[in-house]
Amino acid sequence: MSKYQDITKLLDGFVENGLPGCALSFARDGEVLYEHYAGCDNLETGHKLDENTLFRMMSMTKVVVVTAGMMLYERGKFLLNDPLYKYFPEYENTQVVEYDANGNYTLRPAKSPILVKDAFRMSCGMPYEYGESVTAREMFRIKRELEQKYGTYDIETEVAAMGQVPIAFDPGTHWLYGYGHDIVSGLIARLSGMPTSEFIKNEILDPLGMKDTSYRFHDGNEKRLIPVYHPIGDGKWDAQKGLLDKYHAEDAKLDNGGAGLYSTIRDYTKFAQMLANGGSANGEHIIGRKTIDLMRQNQLNKTQLKDFQNFYLAGYGYGLGVRTLLSPAEGNFNASFGEFGWTGAYGTYTSIDPSEKFSLVYMHQTDPNNEEYYHLRVRNAVYGCIN
């Protein structure tokens, strides 16, 4: 591999043009080939980003959670075509929101049950609770009621409560970004008999030596978490906490499946390399190579692909919790068919390419994250280094 100086110039240029800071690592066949930190993790103090800086993974948590879920699949704990109500009975009589021409809605029984794979592939009809749809408003109401009743509560409690929510469409008919991977987290907790955070720690983080990755703060490491920077004009930034930071507290219980982990560049690189190299690393077998291949197999039909694809995701389909590259030409991306990964709301990004045993991990923490500008440039430049 070559042209690393061009990557360094690109990252340093991001900072020179106003980004507070960013970091990048890429590796191949178990060897880290490049690691670079540009800018600051604290603009007020001027402290530079380094290998100890903690970043909120936000939705890059999903890749870890679905990997954990598929480890239980390998152990015979569930089938992908099982109805979800087999494990959460609250989903047995799911209702669907149906609108008429005037925008009025009624509820009707779903034509088929939500399947476990609908949770993995985001076809269960449940968004996040922040929108204005009937489903989102009901999810918001339930979360507030749970907080009022319990204060802190676990993911099994929340997933069970969400079973009463009317969903946006019949299961499996469309793709909708949202709550599916939180359901996966609930399944992990229920089928493993331990909190999702504990299962992930025992089965993924500890075996890979990912000591700086967790749901909860510990040993004073909250001081290492970078702020989320919001632009306020004239090239200035306002440092704020993250949307889900309260769940990092030591006494929090909610192990969200869609977000919630924090990590470092080096830690997440260990995880991404494990997946790129067939599910094993440092003599530790984490997950089967063929299971990874199933995860990165497109699960969406033509209708669902229309729901999924946009400029940022051009050329991609969606597998069991990860985007998967179907057309390098349509994606304008010099990677391999079947390259997979995901991104995070504050600017994190991973690309995993088993055919090359290659992975990259990029991180910054801004809102908005301007992912179309940064991620697409980084991925193209990094893959340009592969000989």
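Me: How much space lies in the second largest pocket?
Reply: About 240 Å³. Keep in mind that this is a predicted model.

Me: Which residues lie nearest its centre?
Reply: Gly30, Val32, Thr269, Lys270 and Gln273. The second largest pocket has 14 lining residues in total.

Me: Which element gives the most to that lining?
Reply: Helix H8, with 5 residues. H8 covers 265–276. Strand E2 (31–42) and strand E10 (280–281) each supply at least two residues as well.

Me: And how does the lining divide by class?
Reply: There are 5 nonpolar, 6 polar and 3 charged residues.

Me: OK, now the largest pocket. What volume does it have?
Reply: About 720 Å³. Its lining counts 34 residues. Nearest the centre are Ser59, Tyr128, Tyr130, Tyr177 and Ala345.

Me: Which helices and strands each supply at least two residues there?
Reply: Helix H4 (134–150), strand E14 (340–343) and helix H12 (371–383). H4 gives the most, with 3 residues.

Me: How many charged residues in that lining?
Reply: 9 charged. The others are 18 nonpolar and 7 polar.

Me: What lines it?
Reply: Arg56, Met57 and Met58 from one stretch of numbering, plus Leu244, Asp245, His248, Gly260 and Leu261. By class, that lining is 4 nonpolar, 2 polar and 2 charged.

Me: Switching to strands. In what order do the 8 strands of the open sheet run?
Reply: E3-E2-E1-E16-E15-E14-E13-E12, with antiparallel pairing.

Me: Which are the edge strands?
Reply: Strand E3 (47–48) and strand E12 (316–318). Each pairs on one side only.

Me: How many bridges join E15 to E16?
Reply: 5 bridges. E15 spans residues 349–353, E16 spans residues 358–363, and the two run antiparallel. Asp353 has Phe358 of E16 as its bridge partner.

Me: What about E7 and E8, how many bridges there?
Reply: 5 bridges join them, and they run antiparallel. E7 is residues 228–233 and E8 is residues 236–240. Gly233 stands opposite Lys236 in E8.

Me: How many residues between the strands in that hairpin?
Reply: 2 residues. Asp234 in this hairpin takes a positive phi near 55 degrees.

Me: Last topic, rings. How many aromatic pairs does the count come to?
Reply: 23 aromatic pairs. One of them is Phe14 with Tyr374.

Me: What's the geometry of Phe14 and Tyr374?
Reply: Edge-to-face. The centres are 4.7 Å apart, with 85 degrees between the planes.

Me: Where in the chain are those two?
Reply: In distant parts. Phe14 is in helix H1 and Tyr374 is in helix H12, 360 residues apart.

Technical notes: Residues numbered from 1 in each chain as written. Predicted model: local features only at pLDDT ≥ 70, side-chain atom pairs only at ≥ 80, totals over all residues. Heavy atoms only, no water. 1 Å grid on protein atoms, 1.4 Å probe; cavity = no way out; pocket = protein on both sides within 12 Å on 5 of 7 lines; lining within 4 Å. Points joined across faces, edges and corners; volume = space filled by probe spheres on them. Helix = DSSP H or I, 4+ residues; strand = E, 2+ residues; numbered from the N terminus. Nonpolar A, V, L, I, M, F, W, Y, C, P; charged D, E, K, R; others polar. Pairing = 2+ DSSP bridges. Phe/Tyr/Trp six-rings, centres within 6.5 Å; stacked < 30°, edge-to-face > 60°.
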